[in-house]
Amino acid sequence: MPYKRILVKLSGEALQAPDGYWLEAQTLAALAGDIARASEAGFQIALVIGGGNIIRGARMSAAGWIDRATADSMGMLATVMNSLALETALNAAGVPARTMSAVSMPTICETYARQPALHHLDKGQVVVLAGGTGNPFFTTDTSAVLRAAELRCDAVLKATQVDGVYSADPKRDPNAKRYERLTHDEAIAADLKVMDTAAFALAREQRLPIVVGSVHAPSSVAAILEGSAPATVVAP
Ligand SMILES: Nc1ncnc2c1ncn2[C@@H]1O[C@H](COP(=O)(O)OP(=O)(O)O)[C@@H](O)[C@H]1O
Ligand SMILES: O=c1ccn([C@@H]2O[C@H](COP(=O)(O)OP(=O)(O)O)[C@@H](O)[C@H]2O)c(=O)[nH]1
């Protein structure tokens, strides 16, 4: 990949145990090893991890007993827990990593600010960006695109459940065809659901490439970045 500084977006589910438990040391260590390999290969990496393995605000508030803003606050806190777990696993894998949270909680981790984050990236540290955007009604996909734009990342790598963008949801349509490359406009026109709409609209406006690949293969993040694993590139 012709990219040097990448924002890697992982969904919270990437930390789950095979039996569905929200967090598993083995899964976490494998993921950290993968990111360590990419970092050692010279990629500068900022990470955004979701909280969907614990709470998704929209789903929780749909039950009616809690309002959306409160449920989203709980979702943002879930991303902080995942980020601290990932930071710990990355440090154990030999990669200096630090969590920076959009929601200020100075006794737990650094508060996100752009200049220090740029400084950490320049030094080759992995920054784990927690707390989403710090605002309800957004997702960590939007946080990923926002931070990638702020931190001058060359691309967002969305490491997800499927190995690219398809002509239809591959989990529902076995005849869906995988794209190698397409433009933001094409993805929006065909309603391909690469990311949520707010995130994708910002990526289009910023002309930010989005790489979509699977988090399931061993060493998938490093392999996608090195070009040896399949992925779809959405770029202008
Ligand atoms: N056109 C499409 N191409 C690829 N995946 C799609 C498409 N439409 C829907 N999906 C679904 O989107 C899911 C990934 O998106 P999302 O739920 O945002 O992931 P995450 O939990 O990683 O944020 C995949 O599991 C896939 O089934
Ligand atoms: O800027 C943000 C980012 C996240 N969230 C909340 O945090 C939850 C977890 O994030 P997300 O659903 O994006 O996680 P993922 O699906 O990637 O695991 C979301 O559902 C929201 O409730 C939020 O309120 N604002």
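Modeller: Ligand 1 has 15 residues around it, with Ser-11, Thr-160, Gln-161, Tyr-166 and Asp-169 closest. The model is predicted: local features need pLDDT of at least 70, side-chain atom pairs count only at pLDDT 80 or more, and totals for chains, interfaces and linings use all residues. Residues are numbered from 1 along each chain as its sequence is written, and chains are lettered from A and ligands numbered from 1 in written order.

Biologist: Why does Thr-160 count as buried?

Modeller: Buried means 20 or more other C-beta atoms within 10 Å; exposed means 12 or fewer, and partly exposed lies in between. Thr-160 has 21 such neighbours, so Thr-160 is buried. Thr-160 sits in strand E6 (residues 155-160). Beyond four places in sequence, Thr-160 touches Ser-11, Val-212, Ser-214 and Val-215. Contact here means C-beta atoms within 7 Å.

Biologist: And how do you know whether Lys-9 is buried or exposed?

Modeller: Lys-9 has 31 other C-beta atoms within 10 Å, therefore Lys-9 is buried. Lys-9 lies in strand E1 (residues 5-10).

Biologist: Which residues does UniProt place under "binding site"?

Modeller: The unreviewed UniProt entry lists ten positions, among them Lys-9, Ser-11, Gly-52 and Thr-160. In space, the listed positions spread up to 24.6 Å between C-alpha atoms.

Methods. A residue is near a molecule or strand if its C-beta atom, placed from the backbone, lies within 6 Å of it. UniProt positions are given in the numbering used here, feature names are shortened, and annotations may be inferred rather than shown by experiment. Helices (H or I, at least four residues) and strands (E, at least two) are DSSP runs, numbered from the N terminus. Two residues are in contact if their C-beta atoms, placed from the backbone, lie within 7 Å.
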